[in-house]
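Welcome to this short tour. Open your viewer, keep the selection tool at hand, and follow along one stop at a time.

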Amino acid sequence: MKRFFVTMVAAAAAFSAFAQAAPTAAEILAKVDANEKFSSIEYEGRMELVLAGKTRVKTMKAVALGADKAFIEFTNPEDRGVRYLKLGDELWMYFPKEDDTVKISGHLLREGMMGSDVSYEEALESDSLSEIYDAVVKGREDYEGRPVWVLELAAKKSSATYARQILRVDAERYVTLSAELYAKSGKLLKISRTLEVRLIGTRWYPVKVELSDKLRKDSRTTFELVSIKLDVPVDPKRFSLSELGK
Amino acid sequence: MGTLWKIAFRNVLRHKRRTAITGVVLMFGIGVYIMFGAMLAGMDRMSIDSMVDYSTASAKVTSPGYLETMAGTPLDYGLEDPAAVEKAALAAGASATTRRTAFVGQLSNYVDALPVMAFAVDPATDGTVFALERAVDAGEWFPGREANEIVLGRKLAAELGLSVGDWVVLSSRTRPGAENADEFVVVATVDAADPQVASAGAYVSYEAAEEFLELDGLVTELDLALPRAATLDRALEEADALAAALRAEFPELSTRSVKDQAADYLAMRNMKSKFSYVMMLVVLLIGGVGIVNTILMAVYARVKEIGVLRAYGMLGRDVKNLFTIEGVIVGAIGSLAGALFGLALTWYMVEHGIPVGTFFADGSLDMGNLPLTGSMYGEWKPLDIVVGFVFGVVVSFIAARIPARRAARLEVTDALRFV
């Protein structure tokens, strides 16, 4: 009986110490947001698309201001000069060969960018996870050699892209190392894995991410930020239709 | 002149073989011309019918916001009171109405995924406006045995290796904007004439879509049917009239007839019809050359006879008139036969059609956006019959006149010695 009592006290003390040391889910998300959310971004990127054994590589230069304004220009030979301008919920595409600009809104923002598994939304937006999801800590484990917090995220609003996410957040650097993205029905849609994390200024930022579509066999996209500048001044005039066709 | 007509008739009947050969040439030339016109008109009708049967209906009512952004098939703009529009449409002459909600989706068999143009449909009324239910070639149109049932275009199902009874994952965005994906059982495949439907069409019931897309009663389009009109022009006029009536009653909505929706195709059709006239002219010229050649042969074979007539005292002018009358009689007989032959060919094309599969291995003739599968039907073109007949008679007159004038100018001795 005495041994049982001692065990219970020890367990309670250990749990209390863990609870004090362990950040809450909201704290973890806030730290992730602090690392991954930006007011502006300018980068040169490389996208490797693998589908049914075939690999295609696309390179681009991009600049984005907040969540509403983004501009991408592809630089790989096949798509050289193709540009995208996102203003709010509207997307404009410029095709240099035809010297034509096409406006598309709605669903296309959610389609895979240039045939990849990365949607325009995912490529261009900088949403705060804390604003969109409620989170609970499901535990702590090792993931590919790193200690991670396992978080389960549930969308606060029905408009969130993914109804549920399981995140593995680096417990020391507070960067998402993997995310399982689920449909409203509960079906697993995509898995993202962070392949490389870089220290930019004072923040850790994922610079190489692999996204695989779970509804397609052998389909994955690796998105790499070759060079990146965060929170640098960006001229808002760059996000205009007149700039798109220049 | 009466005597000349009698002699001409007698000559036409006397030279039965020559008359028959000339008549047959005329008959084929004019018959093919009439059939060709009917076939071109039929192709236009089929293309528009296919649009009406599978996508545009006779008229479509949407909200203006939906119309402006319909390329993105948004689930943001619905009809507030579709029942009121349905009631007005039926009062304005529509034979049936049905509701649809379009959305972009992706279909996956876990190996491959293809984009689809999907629709939430009302299984009970969709068949009264669209031909999808009638185009089911395997399975059953929404039997209601499972909560999630899907009907697919035949080519789309084949591309994903799906058969009736297989389960497939349909993914799309819900109305609020969340990703959703769920399993649906393939209950039927449709062999639709519209290539867009065949290769990218996916249809689910409103009952399933309500849960899957969180539609909350959203209807993005109301489709209206009209009784089948006798001709394409009449069908377009009636659709326009229905759309105009609804526009007057619901100015806040966008009502578009098939003529409005198929504006690009109809503009192309007008361009095509100009090209068709060139083709028809070529057909007529070929027929005309045949007619001229046959009548010339007939005249030159009878030069000696002309010499005899002139030797008996017939004037050159009478000889010329005699041969002209003979040519016109033969031309009229041939043209009449051609018109009847053309009528018969057109009747066959209108009633039975020509199976396209006879000419194309996969049973479909892809002419860009013009869907032509199954059988190609013709359409009556009464004007072409009149034009064909008059053309035959006029060409015969000209064809006979030229050698007749030469024959009339021949010296009697030259004509008698002509070999």
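Are α1(B) and α13(B) parallel or oblique to each other? Before you look, keep in mind that this is a predicted model.

**First stop: two helices in chain B**

Select residues 2–14 of chain B, which form helix α1, together with residues 316–351 of chain B, which form helix α13. Their axes lie 9 Å apart, and the two helices pack at an angle of about 50 degrees. Angles under 35 degrees would count as roughly parallel, and 65 to 115 as roughly perpendicular; α1(B) and α13(B) are therefore oblique to each other. Their crossing is right-handed.

Now show the side chains at the contact. From α1(B), pick L4(B), W5(B), I7(B), A8(B), F9(B), N11(B) and V12(B).

**Second stop: strands in chain A**

Move over to chain A, which has five helices and 13 strands. Of its 246 residues, 33% count as buried.

Select β2(A), residues 54–65, and β3(A), residues 69–74: six bridges pair these strands in the antiparallel sense. To find your place, look for L65(A), which stands opposite K69(A) in β3(A). The hairpin has three residues between its strands, and G66(A) in this hairpin takes a positive phi near 60 degrees.

Most residues other than glycine have a negative phi. With that in mind, go to E144(A), in the loop between β7 (133–143) and β8 (146–155) of chain A. E144(A) is not a glycine, yet its phi is positive, about 50 degrees. Is E144(A) buried or exposed? E144(A) is exposed, since 11 other C-beta atoms lie within 10 Å.

Finish at D218(A), in the loop between β12 (203–213) and β13 (219–230) of chain A. D218(A) is another residue other than glycine with a positive phi, in this case near 55 degrees. How many C-beta neighbours does D218(A) have inside 10 Å? There are 13, so D218(A) counts as partly exposed.

Definitions and conventions:
Residues are numbered from 1 along each chain as its sequence is written. Chains are lettered from A and ligands numbered from 1 in the order in which they are written. This is a predicted model: local features need pLDDT of at least 70, side-chain atom pairs count only at pLDDT 80 or more; totals for chains, interfaces and linings use all residues. Axes are lines fitted to C-alpha atoms, for helices over the stretch in contact, and angles run from 0 to 180 degrees between N-to-C directions. Helices (H or I, at least four residues) and strands (E, at least two) are DSSP runs, numbered from the N terminus. Angles under 35 degrees count as roughly parallel, over 145 as roughly antiparallel, 65 to 115 as roughly perpendicular and the rest as oblique. A crossing is left-handed if the near helix is turned anticlockwise from the far one by less than a right angle, and right-handed if clockwise. Two residues are in contact if their C-beta atoms, placed from the backbone, lie within 7 Å. Two strands pair if DSSP finds at least two bridges between them. A residue is buried if 20 or more other C-beta atoms lie within 10 Å of its own, exposed if 12 or fewer, and partly exposed in between; C-beta atoms are placed from the backbone.
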